[in-house]
Amino acid sequence: MKNRAAFSGILFIGLGLYFLAGQMAIPLLRFLQGWPALLAICGAALLGQAYSAREYHYVFPGFLLFGFGVELLLASAFPSWPHGANMFFFIIALSFLAGSRKQKSGAGFGAFFLLLAVVLTFSGRGQPLFHLVQTGLSSVWKFWPLGLIVLGIYVLWAKRR
C-alpha cells in the first residue's frame, strides 16, 4: 500500500465503532458486535484504500470480506434473510465482477460463480424450469464436484504452459 491514509482512517473508525458497541448499551451499535462486523470493517477499509489510492488489486479482497461480513451480520439479525452456500457464491461472483471492472480480468470467474449461485438458489425449491433439468440430469448432478476438480486441474496445468 503506497498511501495508507484511507485504509488506516476507515479501519480506525470501524474499530472505534466496534469497541464502542461493546461499551455502550445502544441497540443499533449492539448489531455491530461479533466477528462478522470485523470482516465488514476490514473489507470496507480495503475498498476505501482500493478506490482512494487507485490500488485496484484490493477491490476483490475488500469486496469479499465486506460482503461476507455484511451477509453474516444480516443473516444473524434477520431470520428471514437468505443465507447458505448460494449467498456466499453470489458474494464471490460479485467480488470477481467488481474486481474485473478495474483490472480487466476475472469476469469469467465472476460469471461462473454467479451461475453456480443461481443454480444452487433455485435447484432445491422445485421450480418448474429447473425441475426438467433436475430430472434429466439427476445422475450427472451427483458428480458435479468432479467437474470443478477437472476444471481446477486444467487451470493449474494451463498456467504452467
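**Exercise 1.** In which hand of crossing, left-handed or right-handed, does α3 pass α4?

*Solution.* The model is predicted, so that local features need pLDDT of at least 70 and side-chain atom pairs count only at pLDDT 80 or more, while totals for chains, interfaces and linings use all residues. Residues are numbered from 1 along each chain as its sequence is written, and side-chain values use heavy atoms, with hydrogens and water left out.

Begin with the geometry: α3 and α4 pack at an angle of about 150°, their axes being 7 Å apart, where axes are lines fitted to C-alpha atoms, for helices over the stretch in contact, and angles run from 0 to 180 degrees between N-to-C directions. The pair is therefore roughly antiparallel, a term for angles over 145 degrees. The crossing of α3 past α4 is left-handed, meaning that the near helix is turned anticlockwise from the far one by less than a right angle.

**Exercise 2.** Describe how α4 packs against α5, and which classes of residue make the contact.

*Solution.* Helix α4 (residues 59–77) and helix α5 (residues 85–103) are DSSP runs (H or I, at least four residues). Their axes lie 8 Å apart at an angle of about 150°, which makes α4 roughly antiparallel to α5. Here α4 passes α5 in a right-handed crossing. Contact (heavy atoms within 4.5 Å) involves, among others, F60, F63 and E71 of α4 together with M87, I91 and S95 of α5. By class, the residues of this contact divide into 13 nonpolar, three polar and one charged, with Ala, Val, Leu, Ile, Met, Phe, Trp, Tyr, Cys and Pro taken as nonpolar, Asp, Glu, Lys and Arg as charged, and the others, Gly among them, as polar.

**Exercise 3.** Is N86 buried or exposed, and which residues does N86 contact?

*Solution.* N86, found in helix α5, has a relative accessible area of 12% and is therefore buried. Leaving aside neighbours within four places in sequence, N86 is in contact with A117, L120 and T121.

Note on methods:
Helices (H or I, at least four residues) and strands (E, at least two) are DSSP runs, numbered from the N terminus. Angles under 35 degrees count as roughly parallel, over 145 as roughly antiparallel, 65 to 115 as roughly perpendicular and the rest as oblique. Buried means under 20% relative accessible area, exposed over 50%, partly exposed in between (1.4 Å probe, protein chains only).
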